[in-house]
Amino acid sequence: MDGVNVSPPMDLSLPRTHANLEAAFGGESMANRKYLFFAEVAKTLGHQDLAKLFRDTAVQETEHAFAHFRLLHPELVVEDPQALTPERSQALLSRCLELAIEGETYEYTTMYPEFAAAARSDRDAAAAAEFDEQIAESREHAGIFKKAASNFGFLTSIEHHHAERYGVALAALEGKGDAAEADDPVPGLWICRVCSMIYDPAKGDTDSGIAPGTPFEDIPDDWECPICGARKAGFIPYRPSTLQQLGLQTV
């Protein structure tokens with residue numbers, strides 16, 4: 001499929017392996033950063049050979065983490081960039097920005113606020129201050145990625161939907177709404193279990209001959225996801241909670 005990896009996707013009905021890959025990716029990623037930190041310590045203390053050992057091992061840990069991430073996100077694996085159409089290239093870059101925005105938004109709306117609150121409860125002022133600083137930085141990073149998505153024309157309906165959903169959850173944290181609103185079912189929308197592309201009947205899929213206004217049920221059975229090539233049978237009715245089942249960060 002024009003330059004994109006076509007290996008069979010993981011069976012997402014078997015969540016244990018998916019969770020294990022997530023844990024393995026996190027472990028290898030953490031090891032990379034720890035070894036780079038250790039390398040700086042060794043360098044500062046004048047042990048250049050040991051510093052090199054830590055740096056070289058960190059590179060290997062990165063390769064391991066990438067291997068796990070490719071299995072988690074096969075829709076992002078590019079086998080032959082020259083074979084990609086401009087539309088597919090844009091879709092891949094859009095997906096990368098979407099995941100970046102999603103992760104940073106989760107950090108400043110949920111993860112770090114919870115960590116900071118726990119640190120204050122434990123009377124650990126230093127940790128609370130560190131978490132508060134990360135809230136500000138994660139918010140800034142999310143804004144930078146959103147600006148990049150806008151500048152390069154990569155904003156997608158998925159990213160817009162995530163941004164709105166996070167806005168509801170953030171408002172709830174600030175006492176301005178009900179977080180449950182973020183999990184209401186969305187009539188008519190279907191989501192791809194492989195890449196999380198959302199089919200919106202109001203827009204259809206004109207590139208594949210699906211006119212705007214076409215309900216998902218009326219799409220031919222041989223239709224494929226325009227992002228990753230998954231078959232129609234790989235889509236399920238969309239609810240915000242579905243993102244948790246697909247391994248995406250949610251609030």
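**Helix packing and aromatic pairs**

In this predicted model, the cover over the buried residues of helix H4 includes helix H3 (86–121), where helices (H or I, at least four residues) and strands (E, at least two) are DSSP runs numbered from the N terminus. Buried denotes under 20% relative accessible area, exposed over 50%, and partly exposed the range in between, computed with a 1.4 Å probe on protein chains only. Residues are numbered from 1 along each chain as its sequence is written, and side-chain values use heavy atoms, with hydrogens and water left out. Because the model is predicted, local features need pLDDT of at least 70 and side-chain atom pairs count only at pLDDT 80 or more, whereas totals for chains, interfaces and linings use all residues.

Helix H4 comprises 27 residues (125–151) and spans 39 Å from its first C-alpha to its last, close to the 39 Å expected at 1.5 Å a residue; the expected span is 1.5 Å times one less than the number of residues. The buried residues of H4 are Ala128, Gln134, Ile135, Ser138, Ala142 and Ala149. On the side of helix H3, which contains Thr110, this residue counts as buried because its relative accessibility is 14%. Thr110 and Ile135 are 25 residues apart along the chain, and their C-alpha atoms are separated by 9.2 Å. The loop between H3 and H4 holds Arg123, which has a positive phi of about 60° although it is not a glycine. Most residues other than glycine have a negative phi. Arg123 counts as exposed because its relative accessibility is 80%. After H4 comes Gly153, whose phi is likewise positive, near 70°.

The chain as a whole contains six helices and three strands, which run α-α-α-α-α-β-β-β-α from the N terminus on. Of its 251 residues, 35% count as buried. With contact taken as heavy atoms within 4.5 Å, residues 24 or more positions apart account for 62% of the contacts in the chain that have a separation of 6 or more. When neighbours within four places in sequence are left aside, His68 is in contact with Leu21, Ala24, Phe25 and Glu28.

The structure holds 13 aromatic pairs, in which rings of Phe, Tyr and Trp (its six-membered ring) have centres within 6.5 Å, planes under 30 degrees apart counting as stacked, over 60 as edge-to-face and the rest as tilted. The rings of Tyr112 and Phe115 form an edge-to-face pair because their planes stand at 85°, with the centres 6.2 Å apart. Both residues lie in helix H3, three residues apart, about one turn of the helix. Tyr112 is buried, with a relative accessible area of 14%, whereas Phe115 at 37% counts as partly exposed. Tyr199 and Trp223 form an edge-to-face pair too, with 5.8 Å centre to centre and 70° between the planes. Tyr199 lies in strand E2 (residues 198–199) and Trp223 in the loop between E2 and strand E3 (235–237), so the pair ties together parts that are 24 residues apart in sequence. The charged end of Lys232 sits over the ring of Phe216, 5.3 Å from its centre; the criterion is NZ of Lys or CZ of Arg within 6 Å of the ring centre and within 35 degrees of the ring normal.

Zero disulfides are present, a disulfide being a pair of cysteine sulfur atoms within 2.5 Å. Cys96 counts as partly exposed at 41% relative accessibility, while Cys225 counts as buried at 3%.

The mean pLDDT, the predictor's confidence in each residue from 0 to 100, is 79 for the chain, and 75% of the residues reach 70 or more. Among the elements, helix H2 (residues 48–72) has the highest mean pLDDT (95) and helix H6 (residues 242–245) the lowest (48). Over residues 178–182 the pLDDT is below 50, and this stretch has seven contacts beyond near neighbours in sequence. The pLDDT is also below 50 over residues 244–251, a stretch with 30 such contacts in the model. Where pLDDT is low, the predicted coordinates should not be read in detail.
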